[in-house]
Amino acid sequence: MSRPNKTIYMDHAATTPVDPRVVEAMLPYFTQKYGNASSIYALGREAHAAMEEARSRIAAILNADPKEIIFTSCGTESDNLAIRGVAWANRDKGNHIISSPIEHHAVGHTLEQLHKLWGYEITYVPVDRYGVVDPDDVGRAITDKTVLITIMYANNEIGTIEPIAEIAKVAQAKKIPFHTDAVQAGGALDLDVKKLGVDLMSLSAHKFYGPKGIGLLYAKRFTKLVPTQTGGSHERNRRAGTENIPYIVGMAKALELAQNAREEINRHVQALRDRLIQGVLSTIPDVLLTGHPTQRLPNSASFVFKGVEGESILLNLDLQGVAASSGSACTSASLEPSHVLLALGLPPEICHGSLRLTLGKDNTEADVEYVLSILPGIVEKLRAMSPVYQQMRSQ
Amino acid sequence: MYSELVMEHFQNPRNVGVIENPDGVGKEGNPICGDVMEMFIKVRDNIIEDVKFRTFGCGAAIATSSIATEMVKGKTLEEAWRLSNRAVAEALGGLPSNKMHCSNLAADAMHRAIWDYYQRHPELERPDWLVEPRGHPEIHAEDE
């Protein structure tokens, strides 16, 4: 199969292209309707109205009250605000937080800091070999000092979807605030906060064809929250800083478009994903699918290839026009293998060979067939020069 | 992230493979990031006549292995011993700083191969410059 004359983008879990309709919705708010939403004159009121309209539209999709939507700069900030904000607000009640070992670093590193600097105790409930949290484990981890439970909705590396509604019931029974990092689920899964039963939920626009640099935190009414970014009285005193109107408008538009086309896009990418998984597993030896076989994001295919290193696979794919990603140690600044793959119980030497292919609405069957035509050769070439693979084969 | 020369060696690595009945074998690795490389040398009249490598690792690991083999081929054992990881990286036009420690193990693996050569030839007088290479014990455990 010859190389297409375009880049085949299969890294939608990292980011997505902005939908042109979103750009169109944003444009007037850069140069024409550029007022500060806090200003009292007409330009400011116009900006404020656009922001509140966006807030209402987003709230409708989340089945929330507009007052429960806090605009932030990204998913990481939303996670930070939820975790630090609730932990600090409830310091008099306790200092214990429950989470999982496969959370995004926006959650994991925030919890580590709370532990190291402020003495919070963190319990990481285990995941099974597919990355699934058992709600009963969450229940057993609760103590009279527990002030927050934070478990992600869907994992960004392996695509596993967590039983959020069941975990929420466990949290509700004990009246403990429950936060979910839904950044990877945005656009793909149901975001109805009442059905899910969550108290706090983080989202980021660039995962559903919106712009980078804008996110939101849903915080249920009466959830005690200390602002982590202080200054003005923006966002009902919960997040200071001039609101980014064009991006807020863009996020609302992107979420609406994603929501309206969700089922159709999911059907499309899931068919491609299933072909991709089947093709990889049937043509390449010594490869494992990571994450849950069925309870996974419709667009997510993730693997580990024994005896090869992930970055080398990525570079070879890139040289042949395919953009993907890896949890390989060599692609991370820390040089440590992926904490997610380690938590699944995979040996570190296996974790080095990870590859994540995440599909999007514009991917085609031809894209998948092209990847399937080049990937076996890439893996074979790398394995031929890999002493680790030769050793595995001889054992 | 990588220079054109790194990518060129990554795409077209030189001297990949193993030497049957080698005169020396060196293995080195970084246990944290997992990169492992093996060097095989054939020596005649104190000259490295042939050298081959196998590497498990990232783009930098493969490229440094490849260029290191080119740098030592035809050189005396002492000249090859003088090869440093820094010289390998410079020959490639530089590496990202984290890759220096993670993936640039080529000279270390070569030093081990030369050390192994002298271990296999106890009749040879050990030169002054030869000292046992230091590396990660867990990488070499299976060899010892």
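Reader: Why does A:Glu235 count as buried?

Author: Buried means under 20% relative accessible area, exposed over 50%, and partly exposed in between, with a 1.4 Å probe and protein chains only. A:Glu235 has 5% relative accessibility, so A:Glu235 counts as buried. This is a predicted model, in which local features need pLDDT of at least 70 and side-chain atom pairs count only at pLDDT 80 or more, while totals for chains, interfaces and linings use all residues. Residues are numbered from 1 along each chain as its sequence is written, chains are lettered from A and ligands numbered from 1 in the order in which they are written, and side-chain values use heavy atoms, with hydrogens and water left out.

Reader: Which other residue has a positive phi without being glycine, and where does it lie?

Author: A:Tyr209 is one such residue, with phi near 70°. A:Tyr209 sits in the loop between strand 7 (200-204) and strand 8 (215-219) of chain A. Its relative accessibility is 12%, and therefore A:Tyr209 counts as buried.

Reader: What makes A:Lys195 count as buried or exposed?

Author: The relative accessibility of A:Lys195 is 59%, so this residue counts as exposed. A:Lys195 is part of helix 8, residues 193-196 of chain A. Contact means heavy atoms within 4.5 Å. Leaving aside neighbours within four places in sequence, A:Lys195 is in contact with A:Ala165 and A:Asp190.

Reader: Why is B:Gly94 called partly exposed?

Author: B:Gly94 has a relative accessible area of 28%, so it is partly exposed. B:Gly94 is in the loop between helix 4 (85-91) and helix 5 (97-103) of chain B. B:Gly94 and B:Val6 are 88 residues apart in sequence, and their C-alpha atoms are 8.5 Å apart in space. Not counting residues up to four places away in sequence, B:Gly94 touches B:Ser3, B:Val6 and B:Ala89.

Reader: How do you know that B:Arg54 counts as buried, and what does B:Arg54 touch?

Author: At 17% relative accessibility, B:Arg54 counts as buried. B:Arg54 lies in strand 3 of chain B, residues 47-56. Beyond four places away in sequence, B:Arg54 touches residues of chain A, including A:Met385, A:Pro387 and A:Gln390, and residues of chain B, including B:Gly17, B:Val36 and B:Phe40.

Reader: What makes a set of residues a nonpolar core, and which members of the largest one touch the most other members?

Author: A nonpolar core is a set of buried Ala, Val, Leu, Ile, Met, Phe, Trp, Tyr and Cys residues joined through side-chain atoms within 4.5 Å. The largest has 72 residues, and A:Phe305, B:Ile41 and B:Ile114 touch the most other members. Another core, of 69 residues, lies apart from it, with A:Val133, A:Val138, A:Ala141 and A:Phe178 among them.

Reader: How do you know that chain B is as compact as a globular protein of that length?

Author: The radius of gyration is taken over C-alpha atoms, and the globule rule is 2.2 Å times the number of residues to the power 0.38. For 144 residues the rule gives 15 Å, and chain B has 14 Å, which is close, so chain B is as compact as a globular protein of that length. Chain B contains seven helices and three strands, in the order α-β-β-β-α-α-α-α-α-α from the N terminus. The buried share is 56% of the 144 residues of chain B.

Reader: What radius of gyration would a compact globule with the residues of chain A have?

Author: With 395 residues, the value would be near 21 Å; chain A has 22 Å, which agrees. Chain A has 16 helices and twelve strands, and its C-alpha trace spans about 70 × 50 × 35 Å along the principal axes. Of the 395 residues of chain A, 58% count as buried.

Terms used. Helices (H or I, at least four residues) and strands (E, at least two) are DSSP runs, numbered from the N terminus.
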